[in-house]
Amino acid sequence: MVSGPSGVGKSTALAELAKQPGVQVVISFTTRARRDNETEDVDYHFVDEREFTDMVRRQEFLEWVEYDGHFYGTPHRAVDEILERGGVAVLEIEREGAMAVKERFTHAVLVLLKPPFPGELERRLRSRGASSEFLSRRLALAERDAPLMDDLYDEFVTSTRTNETVRELRRIIQSRYSPR
Ligand code: 5GP
(Lines give C-alpha, C1' and ligand atoms only; values in the text may rest on other atoms or scores of the structure.)
Protein backbone atom coordinates (compact mmCIF):
# COMPACT_ATOMS: atom_id res chain seq x y z
CA MET A 1 0.00 0.00 0.00
CA VAL A 2 1.33 3.39 -0.92
CA SER A 3 0.34 6.54 0.95
CA GLY A 4 1.57 10.08 0.83
CA PRO A 5 0.36 13.65 0.94
CA SER A 6 -1.40 15.26 -2.03
CA GLY A 7 1.12 16.43 -4.58
CA VAL A 8 3.86 13.98 -3.59
CA GLY A 9 3.63 12.14 -6.93
CA LYS A 10 1.87 8.90 -5.95
CA SER A 11 -0.28 8.50 -9.05
CA THR A 12 2.53 9.24 -11.51
CA ALA A 13 4.87 6.78 -9.82
CA LEU A 14 2.22 4.07 -9.55
CA ALA A 15 1.23 4.39 -13.19
CA GLU A 16 4.87 3.61 -14.06
CA LEU A 17 5.14 0.86 -11.47
CA ALA A 18 2.06 -0.86 -12.92
CA LYS A 19 4.03 -1.55 -16.12
CA GLN A 20 5.99 -4.18 -14.24
CA PRO A 21 4.67 -7.72 -14.87
CA GLY A 22 2.86 -9.22 -11.90
CA VAL A 23 2.21 -5.85 -10.28
CA GLN A 24 -1.24 -4.31 -10.52
CA VAL A 25 -2.53 -1.05 -9.11
CA VAL A 26 -6.06 -1.39 -7.77
CA ILE A 27 -8.45 1.26 -9.10
CA SER A 28 -10.49 2.77 -6.28
CA PHE A 29 -14.02 4.12 -6.37
CA THR A 30 -14.56 7.75 -5.44
CA THR A 31 -17.37 10.26 -5.25
CA ARG A 32 -15.10 13.22 -5.94
CA ALA A 33 -15.29 14.90 -9.35
CA ARG A 34 -12.91 13.78 -12.07
CA ARG A 35 -10.05 16.20 -12.72
CA ASP A 36 -9.28 17.24 -16.31
CA ASN A 37 -6.12 15.13 -16.43
CA GLU A 38 -7.85 12.01 -15.10
CA THR A 39 -9.44 9.16 -17.04
CA GLU A 40 -12.51 7.26 -15.90
CA ASP A 41 -11.71 3.65 -14.93
CA VAL A 42 -7.97 4.36 -15.15
CA ASP A 43 -7.39 6.81 -12.31
CA TYR A 44 -10.61 6.01 -10.45
CA HIS A 45 -14.06 4.61 -11.00
CA PHE A 46 -16.05 7.82 -10.50
CA VAL A 47 -19.48 7.23 -8.95
CA ASP A 48 -22.14 9.32 -7.22
CA GLU A 49 -22.88 9.05 -3.49
CA ARG A 50 -25.85 6.80 -4.06
CA GLU A 51 -23.84 4.27 -6.04
CA PHE A 52 -21.10 4.43 -3.44
CA THR A 53 -23.43 3.85 -0.50
CA ASP A 54 -25.08 0.97 -2.36
CA MET A 55 -21.65 -0.61 -2.73
CA VAL A 56 -20.97 -0.07 0.98
CA ARG A 57 -24.26 -1.78 1.78
CA ARG A 58 -23.39 -4.71 -0.47
CA GLN A 59 -20.02 -4.94 1.33
CA GLU A 60 -18.08 -4.52 -1.89
CA PHE A 61 -15.28 -2.54 -0.27
CA LEU A 62 -12.26 -3.90 1.49
CA GLU A 63 -12.17 -0.51 3.20
CA TRP A 64 -13.62 2.90 2.57
CA VAL A 65 -13.19 6.37 4.06
CA GLU A 66 -14.43 9.90 3.82
CA TYR A 67 -11.52 12.19 2.97
CA ASP A 68 -11.69 15.92 2.20
CA GLY A 69 -15.49 15.73 1.87
CA HIS A 70 -15.63 12.77 -0.53
CA PHE A 71 -15.78 9.01 -0.29
CA TYR A 72 -13.01 6.70 -1.44
CA GLY A 73 -13.08 2.91 -1.36
CA THR A 74 -11.00 -0.09 -2.39
CA PRO A 75 -13.02 -2.75 -4.22
CA HIS A 76 -12.68 -6.12 -2.57
CA ARG A 77 -13.05 -8.14 -5.74
CA ALA A 78 -10.26 -6.41 -7.65
CA VAL A 79 -7.81 -7.14 -4.82
CA ASP A 80 -8.94 -10.77 -4.53
CA GLU A 81 -8.56 -11.33 -8.26
CA ILE A 82 -4.98 -10.04 -8.29
CA LEU A 83 -4.01 -12.11 -5.25
CA GLU A 84 -5.66 -15.25 -6.67
CA ARG A 85 -3.50 -14.88 -9.77
CA GLY A 86 -0.43 -14.63 -7.55
CA GLY A 87 0.15 -10.97 -8.37
CA VAL A 88 1.13 -8.05 -6.16
CA ALA A 89 -1.82 -5.72 -5.52
CA VAL A 90 -0.76 -2.10 -5.02
CA LEU A 91 -3.23 0.21 -3.29
CA GLU A 92 -2.96 3.99 -3.33
CA ILE A 93 -4.63 4.76 -0.08
CA GLU A 94 -4.67 7.26 2.77
CA ARG A 95 -3.68 6.48 6.36
CA GLU A 96 -6.97 5.24 7.83
CA GLY A 97 -7.68 2.96 4.90
CA ALA A 98 -4.14 1.60 5.05
CA MET A 99 -4.63 0.74 8.72
CA ALA A 100 -7.91 -1.05 7.98
CA VAL A 101 -6.32 -3.14 5.20
CA LYS A 102 -3.32 -3.98 7.38
CA GLU A 103 -5.67 -5.47 9.98
CA ARG A 104 -7.06 -7.89 7.42
CA PHE A 105 -3.88 -8.52 5.45
CA THR A 106 -1.22 -8.55 8.11
CA HIS A 107 1.55 -9.26 5.59
CA ALA A 108 0.68 -6.09 3.62
CA VAL A 109 3.54 -3.60 3.36
CA LEU A 110 2.88 0.06 4.04
CA VAL A 111 5.00 2.46 2.03
CA LEU A 112 5.00 6.20 2.69
CA LEU A 113 6.07 8.59 -0.05
CA LYS A 114 7.56 11.75 1.35
CA PRO A 115 8.26 15.07 -0.34
CA PRO A 116 11.97 15.80 -0.88
CA PHE A 117 11.75 19.12 0.98
CA PRO A 118 9.12 21.35 2.61
CA GLY A 119 7.35 23.53 0.08
CA GLU A 120 7.55 20.93 -2.67
CA LEU A 121 3.95 19.73 -2.18
CA GLU A 122 2.65 23.26 -2.56
CA ARG A 123 4.72 23.80 -5.69
CA ARG A 124 3.48 20.58 -7.28
CA LEU A 125 -0.15 21.22 -6.36
CA ARG A 126 0.06 24.74 -7.78
CA SER A 127 1.63 23.49 -11.00
CA ARG A 128 -1.39 21.16 -11.32
CA GLY A 129 -3.62 24.24 -11.19
CA ALA A 130 -5.06 23.55 -7.73
CA SER A 131 -7.25 26.32 -6.28
CA SER A 132 -6.04 28.04 -3.12
CA GLU A 133 -8.91 26.50 -1.10
CA PHE A 134 -7.99 23.02 -2.33
CA LEU A 135 -4.35 23.72 -1.63
CA SER A 136 -4.91 24.83 1.94
CA ARG A 137 -7.29 21.93 2.71
CA ARG A 138 -4.91 19.30 1.35
CA LEU A 139 -1.82 20.84 2.97
CA ALA A 140 -3.68 20.92 6.30
CA LEU A 141 -4.59 17.24 5.92
CA ALA A 142 -0.96 16.44 5.08
CA GLU A 143 0.16 18.27 8.21
CA ARG A 144 -2.44 16.47 10.32
CA ASP A 145 -1.46 13.04 9.03
CA ALA A 146 2.34 13.28 8.81
CA PRO A 147 3.14 12.84 12.53
CA LEU A 148 0.70 9.91 12.77
CA MET A 149 2.32 8.02 9.93
CA ASP A 150 5.97 7.62 10.83
CA ASP A 151 5.34 4.87 13.39
CA LEU A 152 2.86 2.99 11.27
CA TYR A 153 4.62 2.60 7.96
CA ASP A 154 7.11 -0.11 7.05
CA GLU A 155 9.04 1.65 4.30
CA PHE A 156 9.74 5.29 3.47
CA VAL A 157 10.57 6.64 0.04
CA THR A 158 11.55 10.21 -0.68
CA SER A 159 9.77 11.21 -3.85
CA THR A 160 12.29 12.96 -6.06
CA ARG A 161 12.25 12.00 -9.74
CA THR A 162 9.59 9.56 -10.90
CA ASN A 163 12.04 6.96 -12.22
CA GLU A 164 13.93 6.94 -8.92
CA THR A 165 10.72 6.59 -6.92
CA VAL A 166 9.63 3.71 -9.15
CA ARG A 167 13.02 2.03 -8.78
CA GLU A 168 12.68 2.22 -4.98
CA LEU A 169 9.15 0.83 -5.09
CA ARG A 170 10.34 -2.05 -7.29
CA ARG A 171 13.14 -2.77 -4.88
CA ILE A 172 10.67 -2.90 -1.98
CA ILE A 173 8.39 -5.28 -3.89
CA GLN A 174 11.32 -7.52 -4.83
CA SER A 175 12.57 -7.65 -1.27
CA ARG A 176 9.15 -8.29 0.30
CA TYR A 177 7.43 -10.41 -2.35
CA SER A 178 8.45 -12.26 -5.48
CA PRO A 179 5.91 -11.30 -8.13
CA ARG A 180 5.36 -13.93 -10.80
P1 5GP B 1 -7.18 12.37 -4.39
O2 5GP B 1 -8.52 13.04 -4.25
O3 5GP B 1 -6.07 13.36 -4.25
O4 5GP B 1 -7.08 11.54 -5.63
O5 5GP B 1 -7.04 11.34 -3.19
C6 5GP B 1 -7.20 11.76 -1.86
C7 5GP B 1 -6.63 10.72 -0.92
O8 5GP B 1 -7.40 9.54 -0.98
C9 5GP B 1 -5.20 10.31 -1.26
O10 5GP B 1 -4.47 10.27 -0.04
C11 5GP B 1 -5.35 8.92 -1.84
O12 5GP B 1 -4.22 8.11 -1.59
C13 5GP B 1 -6.54 8.43 -1.06
N14 5GP B 1 -7.26 7.33 -1.68
C15 5GP B 1 -7.46 7.07 -2.99
N16 5GP B 1 -8.19 5.96 -3.16
C17 5GP B 1 -8.46 5.49 -1.92
C18 5GP B 1 -9.17 4.35 -1.42
O19 5GP B 1 -9.73 3.53 -2.15
N20 5GP B 1 -9.25 4.22 -0.07
C21 5GP B 1 -8.67 5.10 0.78
N22 5GP B 1 -8.78 4.86 2.08
N23 5GP B 1 -7.97 6.18 0.35
C24 5GP B 1 -7.88 6.36 -0.98
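Is arginine 123 buried, partly exposed or exposed, and what is its relative accessible area? Arginine 123 is partly exposed, with a relative accessible area of 49%, where buried means under 20% relative accessible area, exposed over 50% and partly exposed in between (1.4 Å probe, protein chains only). The views below show a predicted model, in which local features need pLDDT of at least 70 and side-chain atom pairs count only at pLDDT 80 or more, while totals for chains, interfaces and linings use all residues. Residues are numbered from 1 along each chain as its sequence is written, and side-chain values use heavy atoms, with hydrogens and water left out.

View 1. Glutamate 120 is buried, at 6% relative accessibility, whereas arginine 123 is partly exposed.

**View 2. Aspartate 150 and lysine 114 are joined by a salt bridge.** Their closest N and O atoms are 3.2 Å apart. Aspartate 150 belongs to the loop between α6 (132-149) and β9, and lysine 114 to strand β8 (residues 111-114), so the pair ties together parts that are 36 residues apart in sequence. Aspartate 150 is partly exposed at a relative accessible area of 37%, and lysine 114 is also partly exposed, at 30%. The search of the whole structure finds 18 salt bridges.

**View 3. Glu155, Glu168, Arg171 and Arg176 are linked in a network of salt bridges.** Glutamate 168 is partly exposed, with a relative accessible area of 28%, and arginine 171 is partly exposed at 41%.

**View 4. Serine 159 is buried in the loop between β9 (155-158) and α7 (162-176).** The relative accessibility of serine 159 is 3%. Leaving aside neighbours within four places in sequence, serine 159 is in contact (heavy atoms within 4.5 Å) with Val8, Lys114, Pro116, Arg124 and Thr165.

**View 5. Arginine 95 is buried in helix α4 (residues 95-104).** Its relative accessible area is 15%. Apart from neighbours within four places in sequence, the residues in contact with arginine 95 are Ser3, Arg144, Asp145, Leu148, Met149, Leu152 and Tyr153.

**View 6. Asp48, Glu49, Glu51 and Glu66 gather in a surface patch of negative charge.** Patches are made of residues with over 30% relative accessible area and no salt bridge, like charges being joined within 9 Å. Aspartate 48 is placed in the loop between β4 (45-46) and α2 (49-57) and is partly exposed, with a relative accessible area of 42%.

**View 7. Glycine 129 is exposed in the loop between α5 and α6.** The relative accessible area of glycine 129 is 59%. Glycine 129 and threonine 106 are 23 residues apart in sequence and 38 Å apart in space, C-alpha to C-alpha.

Conventions:
Patches are made of residues with over 30% relative accessible area and no salt bridge: like charges are joined within 9 Å, nonpolar side chains (Val, Leu, Ile, Met, Phe, Trp, Tyr) within 5 Å. Accessible areas come from the Shrake-Rupley method with a 1.4 Å probe; for residues, only the protein chains shown count as cover. A salt bridge is a side-chain nitrogen of Lys or Arg within 4 Å of a carboxyl oxygen of Asp or Glu. Lys and Arg count as positive and Asp and Glu as negative; His and the chain ends are not counted. The place of a charge is taken as NZ of Lys, CZ of Arg, CG of Asp or CD of Glu. Helices (H or I, at least four residues) and strands (E, at least two) are DSSP runs, numbered from the N terminus.
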